[in-house]
Structures are given as structure tokens and as C-alpha cells.
Amino acid sequence: MTTREGSLDAPKRQPLDWKNPQFHNENALYDEMYRVFDICHGCRRCVNLCTAFPSLFDLVDESASGELDSVAKQDFWQVVDRCYLCDMCFMTKCPYVPPHPWNIDFPHLMLRAKAVKYKQQGARFRDKLLSSTDAMGKLATIPVVVQTTNAITQTPTTRKLFSKTLGIHPDRKLPSYTAQTFRTHAQANDGFAVQDGAHTPGKVAIFATCYINYNEPGIGHDLLRVLAHNEIPARLVEKEACCGMPKLELGDLESVEVLKNRNIPHLAKLAREGYAILSAVPSCTLMYKQELPLLFPDDEAVQAVAAATFDPFEYLMLRHRDGLLRTDFKHPLGKVSYHVPCHLRVQNLGKKTRDLLQMIPDTQITVVERCSGHDGTWGVKQEHFEDSMKIGRPVFRQMAEAAPDYISSDCAIAGRHIHQGIGDDSLQALHPLTLLRMAYGDGPAGLPAASPDSETSFTPGDKPMTKLSRDSLMTLEAYAKARDTFRSEVMAHKKHRCVHLGEHVTLLFEDELTIRYQIQEMLRAEKIFDEEGILQELEVYNPLIPDGHNWKATMLIEYADPAERAERLAQMIGIEDKIWIKIAGHDPVHAIADEDLERENQEKTSAVHFLRFELTPAMIQALHQGAALSIGVDHPAYQATIAAVEENIRTALAKDLVSG
């Protein structure tokens, strides 16, 4: 064996000969583990990376001889179980990785051990369940099932029983499921002209991933918005299954091959048609760029997909290099603590997410480049939860020290883990794609699960706003995290929909966003999480959303002094019928007030009324062509007129109306 100490060459991984019978030979595996563990024992550079290496070194140090020869081979499995295949020892620490003659690839040795164990013993029910992300997602997101699933996993009493039964740690915060899955609601825009760059294809296909499809579809919608902002034609992969990473981490390589055979034909077709394939989950990108090519080195289609696969920020920064990325950022992000996940670091891309986010004016990025300790399903499990929190402790501290406005990680699961570790609910954990979309000013922040069917802005002539459904809303937990940012943007949004008639009457013209906000606030205030209660709120508020040929407004009569307010309300009976709007060249339209509601009595009117203004197609067309909008109130006790509302308000209200 060579005596050359270390290597300065770049790490180069070797294909995994996993179909060779020797790969699953237990004695051959033990021999290779002994060889590698003995080198690790003599080096110990990786002692601070995770708990796998300290476990190995403790076994050696506490053995009879203080060397590896007196460690029982059966105890090697303690090391294997603590490795979650983050690959950081291979990429950043080990001086003996190939092309060094010692050829140390610790993570792939651990993968081999997991494969041998799976081949011999299979896996426990919990591990099979957790690694079946696609099947779990399809079941859990059935509209009736999703509420039950979330209630079980989020309610403390049922969660304890659930955790005890499955071996999932009761303190691990789990993501919610949504019935409004990404693939069923995504509206990819492939109508833009293709602009190929020197370094990038000019059209994109999105591989949604299980997590984004079933847990946080808002990340996928934000990616589509970013691409649309940059006029990059995008589409979804026609069919997709799990990328196979959870099965890989389990050692179930046969299932990895099954999933490969389901995904690669669709992806390879897109790659050959010149599409860039984007996935917003680093583990999925890594699977296609590195792991599958090493498992199937002779599969031409796998290699074609690997060459066409990009991390989203890798792709966007290459577009910037091509001079094709828009940098018209409208909103600063303030302070962002950004975590680089391991499965992104090992792709050797550099810090592309940081590079793009720090281009946003008045935005400070603090980068934390260290393993968070969660890694897929590993940190969820009862036996590994404490270790995952221990490994992540330095990351939690560094992320919080910068006093950030946002914490962010390309790995949404790592972001949730870090948010839990910091323990400060006032901090918002948002994906970098969400932050980028916010910086571009495309859509309201704080809506990670928003559907494009519920957009708050559209060009005249598009379809009207749809009504809200149960799946349009965030859970109480998700809303608590998003509330501050969401509220501030809703308030800014309302400024363009608010008309003051004199000092004491205000009209707020409602739309999908303002009503969504009202419902979320009501659910929060009343702590409503049951299905029946949520549906009741939707039934009350949905009628206030305009439907393309009308405006709907909340009228507020405001007097600060209670005695004066009571006196004036007695004088203003019937005022709700005296509110009018007028589009230049057309007759005034008076409000239809308080349908199905009693808002006044013989003694006084109410301080709040709900109004509807029905417009003709000719009025709508005139407004879209730039006609002035007047609004007024004509009541014996109160008169006020705005001859022409401000242009920003007129434009915002015009977008509520559909031509034709």
C-alpha cells in the first residue's frame, strides 16, 4: 500500500458495482469496512462532522487493545446506522478519496452496508413507510384524508400515540400535507420565446419532487413565478415518481432501479429536446446528477438526464452569466441567514443561491456552511432525533446570531429543522425561491401554499378570481410563521384598493387576497382548525370575492368618539344605498347593499356594510381603455365625491374585471 500522505487532487467518485454478487457478500463487506475504518482511526479528521465517526473512534478507544482489531465486527453496524449519507466527509475532509490509491469513499461504503443489511433483513415498517414518499403523499393528500393526517401529526395528544407506534420522535416537528398538490394546480407558462444562452438551455422542465408536490407546493409555484418573471418558457415533467433518494438511503437499491425506470424515459426525452431539468430539492437534483449515474454508469439515458439537470439557482446564475437574467428587484430582503445544505454542497456548484440573493439591493446574506443534522428521514426517527439536534446546534446558533429577518435553506426540510432548533417562532423560515420571488415583487409573500388559481393580479381579459377552498388556506401553524410578512404585504396591497369618501366613510374593495387574509385572521383569533369550522368561515366570506363583472366592497363608517358615532349613525340610515361609482361616459351605478344581511334598524344604521357594484361589459371595456373612475356618496346627512380616483387605485380595480 502506498505511503503517500493525502492528496491534493479533486475528489473523483467511482461507479458502484452493486450488481456484482460480491457487493452483497457480508464477509467481503466486513473486510472493506475494516480496511477503511482502520485508515479513519489513524486519521480522525472527520471527528466533528457527525456522530458516525465519534461512534467509530469510541469503539476503538474503548476496545481491549485500543486498536480496531479488538472491535467486534458486529459493532461496525453502530457506525453504519449513524451515517445518513450526507457525503461531506468525502467532499470536504478525507485526504484519501479517489484518485488517491487508498480509494476511500466512506459514504458509499456505508451505502453498501445498508444495501447488504436490507438484502438480508429488509426494513422495519416505519422505515419502509418513511421512504415511500410518493405513496404516502398520494394517500395523505386525498381531500378527506389530509385533514385527518394533519390533525394526527400536529395535535399533541394524537401525535404522542402516533410517534410511539411508528418510532418517530414526538418532538420532531413534521410538515403538513396539502390536498392542493403542486402538480394538479401548477400553471406553467411555456408561451415565452426560447432564448438559449451560451451556458443554458432557454426552456425548462420542472421535476416537482414528492416534498414540493405534497407538502410545500408554494415553493414550486414560486419557481414558476421566477421563471415567468424572466420570460423563460416552463413546463412540468409529463409523469414523475419519487427520485429514489429515500430508498437509496435505506439501502433498497432494487427499488431505486424501479423508480429510475419510471422516471428516466420521460426525463431523457426532455433532455434530448433541449430542456433544462430543474428540481427545487437538492437531494433530488443530486440523485439525477450524481447517484444514478454512479449506479448505472452504462445507461446512456441516465447520463443524458444528468447533463441536463440543474439546481434552480445554478441555472439562474448561469442565465445571469449569459446576460439573460432580470435583476429588476423591487423589494429588499433585509438580513437573511442562509444555510447551504449538504446535498447541495456536494454538487460542487459554489454558493449560487448566495450569489443571486446578495444581488438584491439592501439585502445582507449570512452564510452558514455546515451540516444541519436532519438529512431526510434520519432526524425524524426516535433513535436519531437527539443526535440530529446535537449536530445542528452550531448551525442553529450561527443562523440566529445575525438577528435575521429570514432564515433560509435550499433544503426545505433542513430549514424546518433549523427553525425548530432556534426555537424562535417570530423568525420566518422561507425557501430561497420564495425570497427571490418576493424580491421580484411577483405576488404576496407568506403564502407558501398558494395556488396560481388564486392569484391576486391578472391582466384584463383573463379568468375571474376563483373562490377560496379549504385547501387555499394555510394551517394555523403555517400561518403563524408567515403572518408578519403576509400581513405587511396585505396592508400594502390594500392601499391600492382603499377609497376614502370624506373623513368618515371608507370603501375597501375586496379581492381574493383581502378575503383570504380575513379568513386566516379569523381562524387564528378563534383557533379554528376543525373542518366544519373552516368551511363555515369560507361560506361566510367567499361571497365577498368579486367574480369578474362586479366590484365588492366593505364600507366602514368611522367616528372615533362613541357618542358622536351613535348620533351620526342614527342620522345616516340608508347611506349604504346612496354609494355610487361612475365610469366616464356611462351612467352611475349604485351599490347593492347587505344582501342576505340586516345591517340597520329603525334607530340607526350599521358602521359596517357590504356593497356590490354590477358593471356592464361596455363599462368594463371603457375602464380597461383608460376611462376615469368616479366614486361618491349622496345622502342627506353625508355627501362626498371623488371626481377621479388615483390612477394606481383605478388600475388595481380594473384588474378585477374580465372583458367580454
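I take buried as under 20% relative accessible area, exposed as over 50%, and partly exposed as in between. The model is predicted.

**Pro543.** I looked up its accessibility and its surroundings. I find Pro543 in the loop that runs between α25 (531-541) and β11 (550-557). Leaving out residues up to four places away in sequence, I list Leu538 and Lys552 as what Pro543 touches. I also checked Ile515: it is 28 residues from Pro543 in sequence, and the C-alpha to C-alpha separation is 9.6 Å.

**Positive phi.** I then searched for positive phi in residues other than glycine. I noted Lys527, with a phi of about 55 degrees. Lys527 sits in the loop between α24 (512-526) and α25. Its relative accessible area is 64%, over the 50% cut-off, so Lys527 is exposed. I noted Asn348 as well, where phi is near 55 degrees. Asn348 belongs to the loop between α18 (342-345) and α19 (352-357). With 60% relative accessibility, Asn348 counts as exposed.

**Cis peptide.** I looked at the bond between Pro98 and Pro99 and found it cis, with omega about 20 degrees. Pro99 is in the loop between α4 (88-93) and α5 (106-121).

**Helix pair α14 and α16.** Which angle and axis distance describe the packing of α14 and α16? For α14 (residues 253-272) and α16 (residues 300-308) I read an angle of about 60 degrees and axes 8 Å apart. The two helices are therefore oblique to each other. On the α14 side, the contact is made by Lys260, Ile264, Leu267, Ala268, Ala271 and Arg272. On the α16 side, Ala301, Val302, Ala304, Val305 and Ala308 make the contact. Sorting the contact residues of α14 and α16 by type, I get nine nonpolar, two charged and no polar.

**Nonpolar cores.** Which residues of the largest nonpolar core touch the most other members? I find Met33, Phe37, Phe106 and Met110, in a core of 121 residues. I followed up Met33, setting aside its neighbours within four places in sequence, and its contacts are Phe76, Val80, Leu109, Met110 and Ala113. Another core of 37 residues lies apart from the largest one, and I noted Ile579, Ile620, Ala627 and Val645 among its members.

Terms used: Residues are numbered from 1 along each chain as its sequence is written. This is a predicted model: local features need pLDDT of at least 70, side-chain atom pairs count only at pLDDT 80 or more; totals for chains, interfaces and linings use all residues. Side-chain values use heavy atoms; hydrogens and water are left out. Axes are lines fitted to C-alpha atoms, for helices over the stretch in contact, and angles run from 0 to 180 degrees between N-to-C directions. Helices (H or I, at least four residues) and strands (E, at least two) are DSSP runs, numbered from the N terminus. Angles under 35 degrees count as roughly parallel, over 145 as roughly antiparallel, 65 to 115 as roughly perpendicular and the rest as oblique. Contact means heavy atoms within 4.5 Å. Ala, Val, Leu, Ile, Met, Phe, Trp, Tyr, Cys and Pro count as nonpolar, Asp, Glu, Lys and Arg as charged, and the others, Gly among them, as polar. A nonpolar core is a set of buried Ala, Val, Leu, Ile, Met, Phe, Trp, Tyr and Cys residues joined through side-chain atoms within 4.5 Å. Buried means under 20% relative accessible area, exposed over 50%, partly exposed in between (1.4 Å probe, protein chains only).
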